[in-house]
Amino acid sequence: MARLLEFEAKDLLRKTGIPVPPGGVAVTPEEAVAAAEKIGFPVVLKAQVPVGKRGKAGGILFAENSGEVLTRARELFGKNIYGYGVSQILVERKLDIAQEHYLAILSNPATKTPTLIFSRHGGMDVEEHTGGEGIATYNIDLLQGLRPYMAMDMLKGAGISGRALPALTQIAVKLFDIYRKNDCLLVEINPVAMTPKGPLAADARISVDDDALFRHPELGLDEGGEVGDRPRTQIEKIAALIDAHDHRGSAHFVQIDPDGALAKAEGKISIGFDGVGTGVSLAAMDELVPLGFLPRNFCDTSGNPTASKMYRITKVILAQPDIEGYVFISCLSSQQLDNTARGIVKAFLEIYPDRMPNIPCVFCFRGAWDETAIAMFEQHGLTRSPFIRVLGRDATERDVALAFRELHTGWRAQRTAGAQA
Amino acid sequence: MAILIDENTRIVIQGMTGREGRLRAGMMRQAGAVISAGVTPGRGGEEAQGIPIYDTVTAARAAHPEINAGLVIVPSAAARDAAIECIAAGVKLVCLMPERLPHHDALEVIAHARAAGAIVIGPNSPGLLSPGKSILGGLGGRVDMMRTAFKEGRIGIISRSGGNTMTLAYYLMKSGLGVSTAIGVGGDTYIGTSWAELLELFEADRDTDAVVAYGEIGGVNEEGAADAIRAGKYKKPLITLIGGQNARQGMRFGHAGAIVSAHSGSAQGKIAALRDAGAIVIDHLDEVGTATHKALGMVAL
Amino acid sequence: MSGVMSFEVFSGGSVTFDLATCAKCETKACVVACNVPNLACVLELKDNVPHLKVTQEEAKRGACIECLACELACMTDGIGGITFSLPMPEWDELIAGAAARGETPGFQRS
Ligand code: SF4
Ligand code: SF4
């Protein structure tokens with residue numbers, strides 16, 4: 001999912017008529033000072049990075065005067081927050097908050113509807129609390145939309161009364177408007193600050209559906225991709241380009257353990273991985289991990305990708321540093337596996353002109369044209385290597401993992417022997 | 001019997017005149033599907049593969065009132081309108097194959113289906129297959145491949161992955177078991193029909209003895225299935241495997257729906273919920289045959 | 001016969017036949033491979049050398065399905081007349097820069 005930065009989210013709120021605190025965006029410490037002086041002290045400086053829990057990572061600092069703004073802003077610009085460098089700071093007036101609430105609209109997989117969520121306790125983490133106590137929810141029927149009375153009934157039920165009731169109702173209805181117009185997965189105001197002048201969106205989070213970005217060029221968002229709360233690695237960017245340059249079949253590549261740290265921490269061996277089908281890839285990973293092999297990457301090459309796409313993605317997988325092997329497995333597939341195999345074979349022949357891979361490699365082809373695929377490895381001399389094994393339709397996910405372990409053990413033994421000699 | 005599709009299924013395909021549509025229609029017919037009509041706006045009156053084409057689903061249904069299932073294979077940007085049109089024309093079963101459908105579009109289609117009492121499978125569904133009876137979509141691929149994996153039988157399959165639907169059917173077949181109906185529910189987070197709803201249909205199907213299901217990280221399908229079992233809505237054996245036990249939080253794995261958030265969607269949580277409800281959770285895909293036999297044996301006793 | 005026959009492919013890349021070599025080739029395995037029923041069939045034999053039977057534009061738009069059957073067939077049964085180039089400049093950069101980052105790409109590790 002693609003996520004707007006806080007100030008971008010607040011821009012959308014402001015344009016829709018939801019009040020936000022006065023503030024300005026700065027790209028240098030000096031600009032931060034100028035913004036603060038314009039707004040008036042005290043101020044809060046907030047690093048603009050597309051991740052949550054910034055506060056915990058030191059991404060939110062307060063300042064009482066221009067001197068403090070300068071030092072704190074310098075500090076923030078030098079920071080790296082969960083993998084993101086800070087290049088923009090939002091400077092806002094520090095609020096005089098009487099009470100904080102939580103208000104959001106979320107696409108809810110359980111009800112298959114948008115759900116309006118409210119809590120009188122702001123600052124909470126909705127994912128920790130959905131369905132919990134003190135949380136009011138209302139499932140919105142898309143054929144009707146969110147009408148003011150619906151939101152008002154819900155807020156009233158949650159204990160809101162007086163002037164706050166119509167004010168929060170207004171915000172909820174506008175929030176739904178933003179949610180719909182921008183194909184959001186989540187529009188969240190957390191907290192809604194209840195100030196003497198009425199409610200304000202003190203912080204906001206808006207996530208947009210990657211698959212709907214094509215209808216929102218105005219948001220200027222890139223696909224959030226598949227990597228979660230960290231920037232894409234260089235190698236993931238290369239893989240994404242390969243996928244984007246050719247729509248024929250997919251190559252979903254994501255690094256599970258980009259720098260191998262996880263494998264090290266868990267005492268596992270890092271390997272390259274590719275599967276035909278997400279399901280079989282997950283199932284095969286679940287066979288490999290207990291045997292001590294942690295795929296450095298997840299990759300799903302299904303939907304009948306061209307051989308050229310297979311060639312390129314195979315080169316990407318094999319380029320990952322420190323891997324001690326490579327495993328390819330197809331589900332029982334109607335994909336033209338001979339096509340798939342030709343791409344892999346070309347990559348191997350180019351990378352290993354002597355047909356002798358430096359790491360153990362197991363391939364399993366099951367499905368349409370699987371025998372042709374397997375024969376190809378033989379025709380091109382790839383099965384002569386002791387460290388290549390090609391399995392066929394009757395191999396199970398478990399067989400593939402066990403075959404890999406066997407090859408890897410032999411490979412290790414040979415290397416140790418070589419080192420001693 | 002079977003669920004959702006059988007020998008009485010009469011199909012309208014939206015997007016039939018495209019390359020993909022023609023190919024799909026040909027393969028479906030080889031597998032025994034009866035396709036009454038195709039729909040492509042502006043091409044009404046033409047024929048494709050000997051099947052009459054209409055401009056709208058309503059026109060198709062007027063000429064072929066027997067149509068009771070729709071297959072949407074238009075590009076994903078047009079899929080929402082096509083599916084809603086199909087529901088509005090009175091078709092009670094609609095399968096959406098396109099992937100990367102904006103999820104608001106899926107939610108809209110689902111809202112329309114709810115109001116009309118229609119069943120939506122997908123989006124991002126590989127289709128449904130009742131071996132020997134009918135097929136809606138592309139499950140199994142070419143017919144010769146399909147027959148190496150699927151034979152007629154008494155086991156239902158529910159799967160979030162197209163490939164694993166076939167892999168499961170293949171393992172079942174090797175152990176001597178066939179399939180009543182297999183359903184690829186779709187790999188997305190927001191899908192029309194959940195496991196719980198399908199389990200209820202399988203419960204009522206006299207020709208299904210047990211259900212095998214492939215689940216994975218993300219979403220709430222598996223948890224919903226556990227609730228359905230606990231509520232007594234499904235009493236036959238459910239044999240499942242949950243993929244992604246070693247997946248890391250926050251990352252998306254191929255399927256849009258395969259993502260673990262900080263507090264939900266983990267394989268461990270799903271496995272615990274299913275086991276607690278009395279479902280059989282296997283650790284290896286290839287165990288599915290023996291586990292199903294064992295479960296049925298115990299039921300027979 | 002001399003010179004080359006060459007065309008571009010959809011994903012970015014090109015196929016080049018060295019016609020002097022191909023004229024000497026007895027199998028013309030590339031043409032045979034491209035004409036296998038489940039493949040694309042864009043190559044034919046003309047004047048005893050491989051020839052593109054669709055237009056350059058059609059080939060680039062996807063008529064050539066980049067199945068690589070021609071190239072792999074030439075490797076086993078031909079005499080090396082074909083060059084199927086599928087450039088990946090970003091990958092080349094990644095590999096070239098690995099040493100500077102203190103990394104060894106998996107396929108180069110000792
Ligand atoms: S097989 Fe190779 S050498 Fe022979 S004609 Fe084809 S490209 Fe030329
Ligand atoms: S890549 Fe395939 S389609 Fe293209 S010329 Fe070679 S054999 Fe023919």
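User: Axes are lines fitted to C-alpha atoms, for helices over the stretch in contact, and angles run from 0 to 180 degrees between N-to-C directions; at what angle do the axes of helix H7 and helix H10 of chain A cross?

Analyst: This is a predicted model, in which local features need pLDDT of at least 70 and side-chain atom pairs count only at pLDDT 80 or more, while totals for chains, interfaces and linings use all residues. Residues are numbered from 1 along each chain as written, chains are lettered from A and ligands numbered from 1 in written order, and side-chain values use heavy atoms, without hydrogens and water.
Two packed helices are described by the angle and the distance between their axes. Here the axes of H7(A) (residues 234-245) and H10(A) (residues 307-318) come within 10 Å and cross at roughly 180°, which means that H7(A) runs roughly antiparallel to H10(A) (an angle over 145 degrees). Helices (H or I, at least four residues) and strands (E, at least two) are DSSP runs numbered from the N terminus.

User: Which residues of H7(A) and H10(A) meet?

Analyst: Contact means heavy atoms within 4.5 Å. From H7(A), Ile235(A), Ile238(A), Ala239(A), Ile242(A) and Asp243(A) meet Lys309(A), Arg312(A), Ile313(A) and Val316(A) of H10(A). By class, this contact has six nonpolar, no polar and three charged residues, where Ala, Val, Leu, Ile, Met, Phe, Trp, Tyr, Cys and Pro count as nonpolar, Asp, Glu, Lys and Arg as charged, and the others, including Gly, as polar.

User: Where does Leu221(A) lie, and what is it in contact with beyond its neighbours in sequence?

Analyst: Leu221(A) lies in the loop between strand S13 (204-208) and H7 of chain A. Leaving aside neighbours within four places in sequence, Leu221(A) is in contact with Ala2(A), Arg3(A), Leu4(A), Val208(A) and Leu213(A). Although Leu221(A) and Arg3(A) are 218 residues apart in sequence, their C-alpha atoms are 7.9 Å apart in space.

User: What is omega for the peptide bond from Phe41(A) to Pro42(A)?

Analyst: The bond from Phe41(A) to Pro42(A) is cis, with omega near -5°, and Pro42(A) lies in the loop between helix H2 (29-39) and strand S3 (43-47) of chain A. A cis bond also joins Asn190(A) to Pro191(A), with omega about 10°; Pro191(A) is placed in strand S11 (residues 184-195) of chain A.

Technical notes:
Parallel < 35°, antiparallel > 145°, perpendicular 65-115°, else oblique.
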